[in-house]
Amino acid sequence: RNSSSLTELETWKSKIHVLQQDNSRLLKENNALHLQLIKSAEGFDVEKRTSILLVKKLKEDVAELHMWKKQSIDRYVGVESENAQLKRRFQEVVTNYTNGLKAPQAADLIHASARGNDTRAR
């Protein structure tokens with residue numbers, strides 16, 4: 001019976017040794033995976049911060065472009081209004097000239113335009 005107990009003990013020791021080796025290998029693998037996970041998380045944090053900064057910059061760019069667009073539209077509306085006034089004044093000059101009335105002088109048109117007065121000659 002003693003020899004069978006020794007054999008059984010040796011078998012268990014052998015199994016324990018295999019399990020200890022397996023445990024050591026698994027522990028190393030677990031540590032490597034944990035380190036890889038930490039590095040990945042750090043990388044994602046950097047990418048997240050970079051993306052947040054990029055989004056902030058893009059939002060600022062969009063706001064600036066909206067402002068430029070509004071200024072351009074306002075400027076365009078003003079120029080169109082001025083153009084319409086000049087067309088009306090031109091048409092008045094042509095009509096007056098065609099009807100034999102005295103055409104206003106260029107200086108009169110400029111002064112009247114600046115004051116917003118009627119430029120027709122009387």
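How many salt bridges does a search of the whole structure find? The search finds four salt bridges, a salt bridge being a side-chain nitrogen of Lys or Arg within 4 Å of a carboxyl oxygen of Asp or Glu. The model is predicted: local features need pLDDT of at least 70, side-chain atom pairs count only at pLDDT 80 or more, and totals for chains, interfaces and linings use all residues. Residues are numbered from 1 along each chain as its sequence is written, and side-chain values use heavy atoms, with hydrogens and water left out.

**View 1. Overview of the protein chain.** The secondary structure comprises two helices and zero strands; helices (H or I, at least four residues) and strands (E, at least two) are DSSP runs, numbered from the N terminus. Of the 122 residues, 5% count as buried, where buried means under 20% relative accessible area, exposed over 50%, and partly exposed in between (1.4 Å probe, protein chains only). The chain exposes about 11,000 Å², and carbon and sulfur atoms supply 60% of this area. Accessible areas come from the Shrake-Rupley method with a 1.4 Å probe; for residues, only the protein chains shown count as cover.

**View 2. The network of Asp22, Arg25 and Glu29.** Salt bridges link these three residues in a network. Between Asp22 and Arg25 the N to O distance is 2.8 Å, and between Arg25 and Glu29 it is 3.4 Å. Asp22 and Arg25 are three residues apart in helix α1, and are therefore separated by about one helical turn. Arg25 and Glu29, also both in helix α1, are four residues apart, about one turn of the helix. Asp22 is partly exposed at 31% relative accessibility, as are Arg25 at 43% and Glu29 at 41%.

**View 3. The salt bridge of Asp74 and Lys70.** The closest N and O atoms of this pair are 2.8 Å apart. The two residues lie four residues apart in helix α1, about one helical turn. Asp74 is partly exposed, with 41% relative accessibility, whereas Lys70 is exposed, with a relative accessible area of 52%.

**View 4. The nonpolar surface patch of Leu65, Met67 and Trp68.** Together these residues make a patch of about 320 Å². Met67 is located in helix α1 (residues 2-98) and is partly exposed, with a relative accessible area of 41%. Patches are made of residues with over 30% relative accessible area and no salt bridge: like charges are joined within 9 Å, nonpolar side chains (Val, Leu, Ile, Met, Phe, Trp, Tyr) within 5 Å.
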